[in-house]
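This report describes the fold of one protein and then turns to a few of its side chains. Please keep the sequence and the coordinates at hand while reading.

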Amino acid sequence: MKEEKSKPHFAKKIDYAKSRDESWRSDFLIGRGGSLYRRHGHLALSGAGVWYLRNENGKVIINNGVVVADDL
């Protein structure tokens, strides 16, 4: 993925392919440009299933594959 400075948003994949413990996992960080280490959303996938989802404001929506908040 090529990151462009002019984009107002970002998406970054965390690569677990070489991890023996979590090779099943694909993580993505998403948010507004410049907020990678401040406020960002987090999406963790296992195959086609969503394992964890947190929005940019820190609210956990899905945890361990179970919807824990549906009042966005």
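Two strands are said to pair if DSSP finds at least two bridges between them, and the strands themselves, like the helices, are DSSP runs numbered from the N terminus, with at least two residues (E) for a strand and at least four (H or I) for a helix. By that rule, β4 and β5 pair in the antiparallel sense over three bridges. The model is a predicted one, in which local features need pLDDT of at least 70 and side-chain atom pairs count only at pLDDT 80 or more, while totals for chains, interfaces and linings use all residues. Residues are numbered from 1 along each chain as its sequence is written, and side-chain values use heavy atoms, with hydrogens and water left out.

**The sheet**

The protein has six strands and zero helices, and its pattern along the sequence is accordingly written β-β-β-β-β-β. The six strands form an open sheet in the order β1-β2-β3-β4-β5-β6, with antiparallel pairing. At its edges are β1 (9-14) and β6 (66-67), each of which pairs on one side only.

| Strands | Bridges | Opposite residues |
|---|---|---|
| β1 and β2 | six | Ile14 and Asp27 |
| β2 and β3 | six | Leu29 and His42 |
| β3 and β4 | five | Ala44 and Tyr52 |
| β4 and β5 | three | Tyr52 and Asn63 |

Strand β2 covers residues 25-32, and strand β4 covers residues 49-54.

Two of the connections are hairpins with a glycine of positive phi. Between β3 and β4 there are two residues, and Gly47 in that turn has a phi of about 65°. The hairpin of β4 and β5 has five residues between the strands, and there Gly58 takes a positive phi near 95°.

Is His42 buried or exposed? His42, which lies in strand β3 (residues 41-46), has a relative accessible area of 14% and is therefore buried, a term that means under 20% relative accessible area, with exposed meaning over 50% and partly exposed the range in between (1.4 Å probe, protein chains only). The side chain of His42 makes a polar contact with the side chain of Asp27 at 2.7 Å; such a contact is a pair of N or O atoms within 3.5 Å, where within protein one must be able to donate a hydrogen and the other to accept it, and where residues adjacent in sequence count only if both atoms are side-chain atoms. Leaving aside neighbours within four places in sequence, His42 is in contact (heavy atoms within 4.5 Å) with Arg25, Asp27, Phe28, Leu29, Tyr52, Leu53 and Arg54.

**Two salt bridges**

How many salt bridges does a search of the whole structure find? The search finds two, a salt bridge being a side-chain nitrogen of Lys or Arg within 4 Å of a carboxyl oxygen of Asp or Glu. Asp27, the polar partner of His42, also meets Arg25 in a salt bridge at 2.6 Å, N to O, and both Asp27 and Arg25 are buried. The other salt bridge joins Glu56 and Arg32, whose closest N and O atoms are 3.5 Å apart. That pair links distant parts of the chain, since Glu56 sits in the loop between β4 and β5 (60-63) and Arg32 in strand β2, 24 residues apart.

Arg32 also touches Pro8, His9 and Phe10 as well as Glu56, not counting residues up to four places away in sequence. The C-alpha atoms of Arg32 and His9 are 4.2 Å apart in space, although the two residues are 23 apart in sequence.

**The protein as a whole**

Of the 72 residues in the protein, 24% are buried. Among contacts with a separation of 6 or more, 11% are between residues 24 or more positions apart.
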